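Here is a short report for a first look at this structure. Keep the sequence and the 3D view at hand while reading.

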Amino acid sequence: MTPARTTLLRIREGHAKVGFSELFFDLVFVFAITQLSHTLLENLTAVGALRTGLLFLGVWWLWIFTSWVTNWLDPDKVPVRLMIFALMFGGLLLSSSLPQAFAERGLAYGIVFAAMQVGRTAFMLWALRGGRSPGNFRNFVRILIWLSLSAVFWVLGGLAEPESRIAWWLVAVAIEYLGPLAYFRVPGLGRSSLSDWDVEGAHLSERCGLFIIIALGESILITGATFAKLEWNPTAVAAFCIAFLGSVAMWWIYFDTGAERATHRMLQQTDQTRQARQARNAYTYLHLLIVGGIVVCAVADELVLVHPDHADGAGIAAIIGGPALYLLGCALFKWVTNTRRFPPFSHCVGLLMLAALAFASAPLHLSPLTLGAATSAVLMIVAGWETVALRREPRPAAPAMH
(Lines give C-alpha, C1' and ligand atoms only; values in the text may rest on other atoms or scores of the structure.)
Protein backbone atom coordinates (compact mmCIF):
# COMPACT_ATOMS: atom_id res chain seq x y z
CA MET A 1 0.00 0.00 0.00
CA THR A 2 1.41 3.42 -0.91
CA PRO A 3 0.76 6.48 1.25
CA ALA A 4 -0.59 8.44 -1.71
CA ARG A 5 -3.49 6.06 -1.96
CA THR A 6 -4.72 6.60 1.56
CA THR A 7 -4.21 10.32 2.10
CA LEU A 8 -7.79 11.30 1.23
CA LEU A 9 -9.28 9.35 4.13
CA ARG A 10 -9.55 10.66 7.66
CA ILE A 11 -7.14 9.36 10.27
CA ARG A 12 -9.37 8.33 13.16
CA GLU A 13 -7.77 9.81 16.27
CA GLY A 14 -10.51 10.86 18.67
CA HIS A 15 -13.45 13.00 17.59
CA ALA A 16 -13.35 14.00 13.92
CA LYS A 17 -14.09 17.72 13.85
CA VAL A 18 -16.44 19.20 11.28
CA GLY A 19 -14.27 21.11 8.81
CA PHE A 20 -14.81 24.66 7.61
CA SER A 21 -15.26 23.43 4.05
CA GLU A 22 -18.14 21.26 5.27
CA LEU A 23 -19.75 24.27 6.93
CA PHE A 24 -19.19 26.27 3.75
CA PHE A 25 -20.93 23.51 1.80
CA ASP A 26 -23.92 23.73 4.16
CA LEU A 27 -24.53 27.36 3.16
CA VAL A 28 -25.98 26.13 -0.12
CA PHE A 29 -28.65 24.31 1.83
CA VAL A 30 -29.72 27.50 3.60
CA PHE A 31 -30.79 28.60 0.15
CA ALA A 32 -32.35 25.21 -0.60
CA ILE A 33 -34.44 25.24 2.57
CA THR A 34 -35.58 28.80 1.81
CA GLN A 35 -36.58 27.77 -1.70
CA LEU A 36 -38.56 24.82 -0.38
CA SER A 37 -40.41 26.97 2.17
CA HIS A 38 -41.35 29.54 -0.46
CA THR A 39 -42.36 26.85 -2.93
CA LEU A 40 -44.68 25.23 -0.38
CA LEU A 41 -46.13 28.59 0.65
CA GLU A 42 -46.96 29.46 -2.95
CA ASN A 43 -48.47 26.01 -3.64
CA LEU A 44 -50.26 25.22 -0.39
CA THR A 45 -52.44 22.44 -1.76
CA ALA A 46 -52.36 18.67 -1.48
CA VAL A 47 -50.55 18.38 -4.82
CA GLY A 48 -48.23 21.24 -3.94
CA ALA A 49 -47.40 19.62 -0.60
CA LEU A 50 -46.68 16.28 -2.30
CA ARG A 51 -44.41 17.89 -4.87
CA THR A 52 -42.56 20.00 -2.30
CA GLY A 53 -42.22 16.97 -0.03
CA LEU A 54 -40.70 15.00 -2.88
CA LEU A 55 -38.21 17.79 -3.57
CA PHE A 56 -37.38 18.00 0.12
CA LEU A 57 -36.64 14.26 0.23
CA GLY A 58 -34.17 14.77 -2.59
CA VAL A 59 -32.47 17.77 -0.97
CA TRP A 60 -32.12 15.95 2.35
CA TRP A 61 -30.73 12.84 0.68
CA LEU A 62 -28.09 14.83 -1.17
CA TRP A 63 -26.99 16.48 2.04
CA ILE A 64 -26.96 13.40 4.28
CA PHE A 65 -25.12 11.27 1.69
CA THR A 66 -22.48 13.99 1.43
CA SER A 67 -22.21 14.05 5.22
CA TRP A 68 -21.64 10.29 5.23
CA VAL A 69 -18.91 10.67 2.61
CA THR A 70 -17.11 13.42 4.55
CA ASN A 71 -17.38 11.18 7.60
CA TRP A 72 -14.71 9.08 5.86
CA LEU A 73 -12.91 11.66 3.73
CA ASP A 74 -10.59 14.33 5.12
CA PRO A 75 -11.97 17.74 4.04
CA ASP A 76 -8.56 19.35 4.63
CA LYS A 77 -7.15 17.47 1.64
CA VAL A 78 -7.25 19.50 -1.56
CA PRO A 79 -8.97 16.90 -3.80
CA VAL A 80 -11.70 16.38 -1.19
CA ARG A 81 -12.13 20.12 -0.79
CA LEU A 82 -12.46 20.56 -4.55
CA MET A 83 -15.04 17.77 -4.63
CA ILE A 84 -17.04 19.57 -1.90
CA PHE A 85 -16.89 22.84 -3.86
CA ALA A 86 -18.06 21.04 -7.02
CA LEU A 87 -21.00 19.68 -5.04
CA MET A 88 -21.67 23.22 -3.78
CA PHE A 89 -21.90 24.45 -7.36
CA GLY A 90 -24.27 21.64 -8.24
CA GLY A 91 -26.29 22.27 -5.10
CA LEU A 92 -26.64 25.94 -5.99
CA LEU A 93 -27.92 25.04 -9.45
CA LEU A 94 -30.27 22.47 -7.93
CA SER A 95 -31.61 24.93 -5.34
CA SER A 96 -32.19 27.54 -8.05
CA SER A 97 -34.30 25.06 -10.00
CA LEU A 98 -36.53 24.02 -7.08
CA PRO A 99 -39.43 26.47 -7.60
CA GLN A 100 -39.72 25.42 -11.27
CA ALA A 101 -38.72 21.77 -10.87
CA PHE A 102 -42.22 20.67 -11.89
CA ALA A 103 -42.26 23.16 -14.75
CA GLU A 104 -39.59 24.21 -17.24
CA ARG A 105 -36.56 23.41 -15.03
CA GLY A 106 -37.37 19.78 -14.37
CA LEU A 107 -34.63 18.44 -16.65
CA ALA A 108 -32.03 20.67 -15.01
CA TYR A 109 -33.10 19.41 -11.59
CA GLY A 110 -33.00 15.76 -12.68
CA ILE A 111 -29.62 15.98 -14.41
CA VAL A 112 -27.92 17.93 -11.62
CA PHE A 113 -29.32 15.64 -8.93
CA ALA A 114 -28.18 12.51 -10.75
CA ALA A 115 -24.75 13.98 -11.48
CA MET A 116 -24.19 14.95 -7.83
CA GLN A 117 -25.17 11.53 -6.49
CA VAL A 118 -23.24 9.49 -9.03
CA GLY A 119 -20.24 11.83 -9.20
CA ARG A 120 -19.73 11.94 -5.44
CA THR A 121 -19.96 8.15 -5.21
CA ALA A 122 -17.43 7.71 -8.03
CA PHE A 123 -15.07 10.08 -6.20
CA MET A 124 -15.45 7.99 -3.06
CA LEU A 125 -14.48 4.85 -4.96
CA TRP A 126 -11.36 6.62 -6.24
CA ALA A 127 -10.50 7.72 -2.69
CA LEU A 128 -10.95 4.18 -1.36
CA ARG A 129 -8.72 2.54 -3.95
CA GLY A 130 -5.62 0.81 -2.68
CA GLY A 131 -7.15 -1.63 -0.20
CA ARG A 132 -7.27 0.45 2.98
CA SER A 133 -10.98 -0.32 3.46
CA PRO A 134 -11.92 -3.14 1.08
CA GLY A 135 -15.31 -3.68 2.71
CA ASN A 136 -16.28 -0.05 2.23
CA PHE A 137 -14.92 -0.10 -1.33
CA ARG A 138 -17.27 -2.96 -2.18
CA ASN A 139 -20.02 -1.08 -0.35
CA PHE A 140 -19.56 1.93 -2.63
CA VAL A 141 -19.49 -0.26 -5.73
CA ARG A 142 -22.99 -1.38 -4.74
CA ILE A 143 -24.03 2.19 -3.88
CA LEU A 144 -22.85 3.36 -7.31
CA ILE A 145 -25.03 0.73 -8.97
CA TRP A 146 -28.10 1.75 -6.93
CA LEU A 147 -27.58 5.47 -7.56
CA SER A 148 -26.91 4.91 -11.26
CA LEU A 149 -30.27 3.15 -11.46
CA SER A 150 -32.08 5.96 -9.66
CA ALA A 151 -30.25 8.50 -11.87
CA VAL A 152 -32.05 7.07 -14.89
CA PHE A 153 -35.42 7.87 -13.30
CA TRP A 154 -34.31 11.36 -12.22
CA VAL A 155 -33.38 12.19 -15.82
CA LEU A 156 -36.45 10.49 -17.32
CA GLY A 157 -38.62 12.44 -14.92
CA GLY A 158 -36.99 15.67 -16.05
CA LEU A 159 -37.73 14.77 -19.66
CA ALA A 160 -41.35 13.83 -18.92
CA GLU A 161 -44.33 16.15 -18.97
CA PRO A 162 -44.86 18.00 -15.66
CA GLU A 163 -48.05 16.01 -14.96
CA SER A 164 -46.26 12.66 -15.06
CA ARG A 165 -42.93 13.86 -13.64
CA ILE A 166 -43.92 13.08 -10.07
CA ALA A 167 -44.34 9.38 -10.86
CA TRP A 168 -40.82 9.06 -12.29
CA TRP A 169 -39.29 10.92 -9.38
CA LEU A 170 -41.23 8.92 -6.82
CA VAL A 171 -39.59 5.80 -8.25
CA ALA A 172 -36.17 7.49 -8.06
CA VAL A 173 -36.72 8.51 -4.43
CA ALA A 174 -37.96 5.03 -3.54
CA ILE A 175 -34.80 3.45 -5.00
CA GLU A 176 -32.52 5.84 -3.11
CA TYR A 177 -34.32 5.55 0.22
CA LEU A 178 -34.62 1.77 0.06
CA GLY A 179 -30.90 1.36 -0.65
CA PRO A 180 -29.56 1.61 2.93
CA LEU A 181 -32.46 -0.46 4.26
CA ALA A 182 -31.65 -3.20 1.74
CA TYR A 183 -27.92 -2.87 2.51
CA PHE A 184 -27.47 -1.99 -1.17
CA ARG A 185 -27.95 -5.62 -2.18
CA VAL A 186 -26.91 -6.28 -5.79
CA PRO A 187 -27.36 -9.62 -7.57
CA GLY A 188 -23.97 -11.27 -7.90
CA LEU A 189 -22.31 -8.84 -5.47
CA GLY A 190 -24.34 -9.63 -2.38
CA ARG A 191 -25.15 -7.00 0.23
CA SER A 192 -23.15 -4.60 2.32
CA SER A 193 -22.52 -5.09 6.01
CA LEU A 194 -23.06 -2.41 8.64
CA SER A 195 -19.60 -3.18 9.99
CA ASP A 196 -18.16 -2.07 6.63
CA TRP A 197 -19.52 1.45 7.08
CA ASP A 198 -17.06 2.31 9.89
CA VAL A 199 -18.95 5.43 10.91
CA GLU A 200 -17.50 8.11 13.20
CA GLY A 201 -20.62 8.76 15.23
CA ALA A 202 -19.74 12.07 16.89
CA HIS A 203 -18.94 13.67 13.53
CA LEU A 204 -22.25 12.60 11.96
CA SER A 205 -24.13 13.72 15.06
CA GLU A 206 -22.48 17.13 14.91
CA ARG A 207 -23.21 17.46 11.19
CA CYS A 208 -26.91 16.76 11.72
CA GLY A 209 -27.09 19.15 14.66
CA LEU A 210 -25.62 21.88 12.48
CA PHE A 211 -28.21 21.16 9.80
CA ILE A 212 -30.96 21.61 12.39
CA ILE A 213 -29.41 25.00 13.20
CA ILE A 214 -29.49 25.85 9.47
CA ALA A 215 -33.17 24.94 9.21
CA LEU A 216 -34.09 26.86 12.37
CA GLY A 217 -32.07 29.82 11.13
CA GLU A 218 -33.99 29.79 7.86
CA SER A 219 -37.24 29.82 9.82
CA ILE A 220 -36.08 32.84 11.83
CA LEU A 221 -34.95 34.63 8.65
CA ILE A 222 -38.39 34.17 7.07
CA THR A 223 -40.09 35.41 10.24
CA GLY A 224 -37.86 38.47 10.47
CA ALA A 225 -38.10 39.35 6.77
CA THR A 226 -41.88 39.01 6.78
CA PHE A 227 -42.32 41.04 9.97
CA ALA A 228 -40.08 43.81 8.60
CA LYS A 229 -42.52 44.36 5.70
CA LEU A 230 -45.63 44.56 7.88
CA GLU A 231 -47.18 47.43 9.77
CA TRP A 232 -46.11 47.00 13.39
CA ASN A 233 -49.53 46.83 15.01
CA PRO A 234 -50.37 44.75 18.12
CA THR A 235 -51.50 41.77 16.02
CA ALA A 236 -48.31 41.68 13.95
CA VAL A 237 -46.14 42.07 17.05
CA ALA A 238 -48.03 39.25 18.77
CA ALA A 239 -47.59 36.97 15.72
CA PHE A 240 -43.89 37.82 15.62
CA CYS A 241 -43.43 36.96 19.29
CA ILE A 242 -45.37 33.72 18.89
CA ALA A 243 -43.18 32.63 15.96
CA PHE A 244 -39.99 33.48 17.85
CA LEU A 245 -41.05 31.58 20.98
CA GLY A 246 -41.96 28.58 18.84
CA SER A 247 -38.49 28.58 17.26
CA VAL A 248 -36.84 28.82 20.68
CA ALA A 249 -38.95 25.92 21.93
CA MET A 250 -37.94 23.80 18.92
CA TRP A 251 -34.28 24.56 19.56
CA TRP A 252 -34.73 23.63 23.21
CA ILE A 253 -36.48 20.35 22.48
CA TYR A 254 -33.66 19.16 20.22
CA PHE A 255 -30.53 20.68 21.74
CA ASP A 256 -31.12 20.88 25.50
CA THR A 257 -30.51 17.18 26.08
CA GLY A 258 -31.57 15.14 23.05
CA ALA A 259 -28.61 15.87 20.76
CA GLU A 260 -26.07 15.49 23.56
CA ARG A 261 -27.49 12.22 24.83
CA ALA A 262 -27.58 10.78 21.32
CA THR A 263 -23.94 11.74 20.74
CA HIS A 264 -22.95 10.23 24.07
CA ARG A 265 -24.73 7.01 23.17
CA MET A 266 -22.90 6.86 19.85
CA LEU A 267 -19.53 7.39 21.51
CA GLN A 268 -20.20 4.76 24.17
CA GLN A 269 -21.26 2.21 21.56
CA THR A 270 -18.30 -0.13 21.05
CA ASP A 271 -20.10 -2.41 18.59
CA GLN A 272 -19.49 -0.92 15.14
CA THR A 273 -22.54 -2.62 13.68
CA ARG A 274 -24.86 -1.11 16.28
CA GLN A 275 -23.26 2.30 15.88
CA ALA A 276 -23.75 2.17 12.12
CA ARG A 277 -27.36 1.07 12.55
CA GLN A 278 -28.04 3.98 14.90
CA ALA A 279 -26.37 6.38 12.46
CA ARG A 280 -28.54 5.07 9.65
CA ASN A 281 -31.85 5.03 11.53
CA ALA A 282 -31.54 8.05 13.83
CA TYR A 283 -29.64 10.45 11.64
CA THR A 284 -30.14 9.37 8.04
CA TYR A 285 -33.88 8.69 8.19
CA LEU A 286 -35.48 10.19 11.31
CA HIS A 287 -33.82 13.58 11.00
CA LEU A 288 -35.69 14.24 7.79
CA LEU A 289 -38.91 14.39 9.86
CA ILE A 290 -37.32 16.95 12.18
CA VAL A 291 -36.04 19.16 9.35
CA GLY A 292 -39.30 18.75 7.43
CA GLY A 293 -41.21 19.89 10.50
CA ILE A 294 -39.06 23.03 10.70
CA VAL A 295 -39.70 23.82 7.02
CA VAL A 296 -43.48 23.52 7.50
CA CYS A 297 -43.28 25.60 10.70
CA ALA A 298 -41.54 28.36 8.73
CA VAL A 299 -44.44 28.35 6.28
CA ALA A 300 -46.92 28.41 9.18
CA ASP A 301 -45.15 31.35 10.84
CA GLU A 302 -45.39 33.40 7.65
CA LEU A 303 -49.08 32.52 7.30
CA VAL A 304 -49.79 33.64 10.86
CA LEU A 305 -47.89 36.90 10.31
CA VAL A 306 -49.53 37.78 6.99
CA HIS A 307 -53.01 36.33 7.58
CA PRO A 308 -53.57 36.32 11.35
CA ASP A 309 -57.38 36.35 11.12
CA HIS A 310 -58.21 33.73 8.50
CA ALA A 311 -56.70 30.62 6.92
CA ASP A 312 -58.11 27.83 4.79
CA GLY A 313 -57.81 24.13 5.56
CA ALA A 314 -54.32 23.89 4.04
CA GLY A 315 -53.11 26.79 6.16
CA ILE A 316 -54.50 25.24 9.34
CA ALA A 317 -52.88 21.93 8.41
CA ALA A 318 -49.51 23.70 8.09
CA ILE A 319 -49.88 25.56 11.39
CA ILE A 320 -50.62 22.35 13.29
CA GLY A 321 -48.78 19.87 11.08
CA GLY A 322 -45.38 21.55 11.28
CA PRO A 323 -45.04 21.27 15.07
CA ALA A 324 -46.56 17.78 14.96
CA LEU A 325 -44.03 16.58 12.38
CA TYR A 326 -41.20 18.12 14.38
CA LEU A 327 -42.33 16.55 17.67
CA LEU A 328 -42.82 13.17 16.01
CA GLY A 329 -39.32 13.25 14.55
CA CYS A 330 -37.75 14.30 17.86
CA ALA A 331 -39.71 11.65 19.77
CA LEU A 332 -38.57 8.85 17.45
CA PHE A 333 -35.01 10.18 17.36
CA LYS A 334 -34.75 10.23 21.15
CA TRP A 335 -36.41 6.82 21.37
CA VAL A 336 -33.91 5.02 19.14
CA THR A 337 -30.89 6.78 20.68
CA ASN A 338 -31.74 5.93 24.28
CA THR A 339 -32.42 2.82 26.30
CA ARG A 340 -36.11 3.49 26.80
CA ARG A 341 -39.09 1.27 26.09
CA PHE A 342 -41.24 4.05 24.68
CA PRO A 343 -40.79 7.51 23.11
CA PRO A 344 -40.58 10.44 25.57
CA PHE A 345 -43.90 10.81 27.38
CA SER A 346 -43.75 14.61 27.11
CA HIS A 347 -43.54 14.40 23.33
CA CYS A 348 -46.44 11.93 23.13
CA VAL A 349 -48.61 14.23 25.24
CA GLY A 350 -47.60 17.15 23.01
CA LEU A 351 -48.69 15.21 19.92
CA LEU A 352 -52.04 14.45 21.58
CA MET A 353 -52.50 18.13 22.39
CA LEU A 354 -51.81 19.05 18.77
CA ALA A 355 -54.30 16.41 17.61
CA ALA A 356 -56.90 17.92 19.94
CA LEU A 357 -56.20 21.34 18.42
CA ALA A 358 -56.72 19.93 14.94
CA PHE A 359 -60.16 18.60 15.91
CA ALA A 360 -61.13 21.77 17.80
CA SER A 361 -59.94 24.36 15.29
CA ALA A 362 -62.97 24.17 12.98
CA PRO A 363 -65.81 23.96 15.57
CA LEU A 364 -64.25 26.72 17.67
CA HIS A 365 -63.40 28.85 14.62
CA LEU A 366 -59.86 29.38 15.90
CA SER A 367 -57.94 32.06 14.01
CA PRO A 368 -54.42 31.40 12.67
CA LEU A 369 -53.06 33.72 15.36
CA THR A 370 -54.78 31.74 18.10
CA LEU A 371 -53.70 28.44 16.58
CA GLY A 372 -50.11 29.67 16.26
CA ALA A 373 -50.13 30.75 19.89
CA ALA A 374 -51.53 27.37 20.92
CA THR A 375 -48.97 25.34 18.95
CA SER A 376 -46.09 27.45 20.31
CA ALA A 377 -47.49 26.93 23.80
CA VAL A 378 -47.54 23.16 23.22
CA LEU A 379 -43.90 23.20 22.10
CA MET A 380 -42.94 25.27 25.14
CA ILE A 381 -44.78 22.89 27.46
CA VAL A 382 -42.99 19.89 25.95
CA ALA A 383 -39.62 21.64 26.23
CA GLY A 384 -40.20 22.64 29.84
CA TRP A 385 -41.65 19.26 30.82
CA GLU A 386 -38.72 17.30 29.41
CA THR A 387 -36.17 19.68 30.92
CA VAL A 388 -37.66 19.38 34.41
CA ALA A 389 -37.99 15.60 34.11
CA LEU A 390 -34.43 15.06 32.92
CA ARG A 391 -32.90 17.44 35.43
CA ARG A 392 -34.03 14.98 38.08
CA GLU A 393 -31.87 12.30 36.46
CA PRO A 394 -28.07 12.23 36.52
CA ARG A 395 -26.81 13.41 33.15
CA PRO A 396 -24.28 11.22 31.33
CA ALA A 397 -20.67 12.21 31.81
CA ALA A 398 -19.16 14.05 28.88
CA PRO A 399 -16.88 11.81 26.81
CA ALA A 400 -13.16 12.43 27.06
CA MET A 401 -11.76 14.35 24.12
CA HIS A 402 -8.41 13.30 22.75
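## Aromatic pairs

How many aromatic pairs does the count come to? The count comes to 29 aromatic pairs. Rings of Phe, Tyr and Trp (its six-membered ring) pair if their centres lie within 6.5 Å; planes under 30 degrees apart count as stacked, over 60 as edge-to-face and the rest as tilted.

## Basis of the model

This is a predicted model, in which local features need pLDDT of at least 70, side-chain atom pairs count only at pLDDT 80 or more, and totals for chains, interfaces and linings use all residues. Residues are numbered from 1 along each chain as its sequence is written, and side-chain values use heavy atoms, with hydrogens and water left out.

Helices (H or I, at least four residues) and strands (E, at least two) are DSSP runs, numbered from the N terminus.

## Helix α9

Helix α9 covers residues 234-255. Its 22 residues should span 32 Å at 1.5 Å a residue, and its end C-alpha atoms are 31 Å apart, which agrees. The expected span is 1.5 Å times one less than the number of residues.

Buried means under 20% relative accessible area, exposed over 50%, partly exposed in between (1.4 Å probe, protein chains only). Buried residues of α9 include Ala-236, Ile-242, Met-250 and Phe-255. Among the elements that cover the buried residues are α8 (201-229), α10 (258-268) and α12 (287-306). Contact means heavy atoms within 4.5 Å.

## Helices α8 and α11

The axes of α8 and helix α11 (residues 272-285) come within 10 Å and cross at roughly 10°. The two helices are therefore roughly parallel to each other (angles under 35 degrees). Gly-201, Leu-204, Ser-205 and Cys-208 in α8 meet Gln-275, Ala-279 and Tyr-283 in α11.

## Two positive phi values

Most residues other than glycine have a negative phi. Tyr-183 has a positive phi near 55°. Tyr-183 sits in the loop between α6 (162-181) and α7 (194-197), and at 14% relative accessibility counts as buried.

His-365 also has a positive phi, near 55°. His-365 lies in the loop between α14 (345-361) and α15 (368-391). At 71% relative accessibility, His-365 counts as exposed.

Terms used
Axes fitted to C-alpha atoms, helices over the stretch in contact; angles between N-to-C directions. Parallel < 35°, antiparallel > 145°, perpendicular 65-115°, else oblique.
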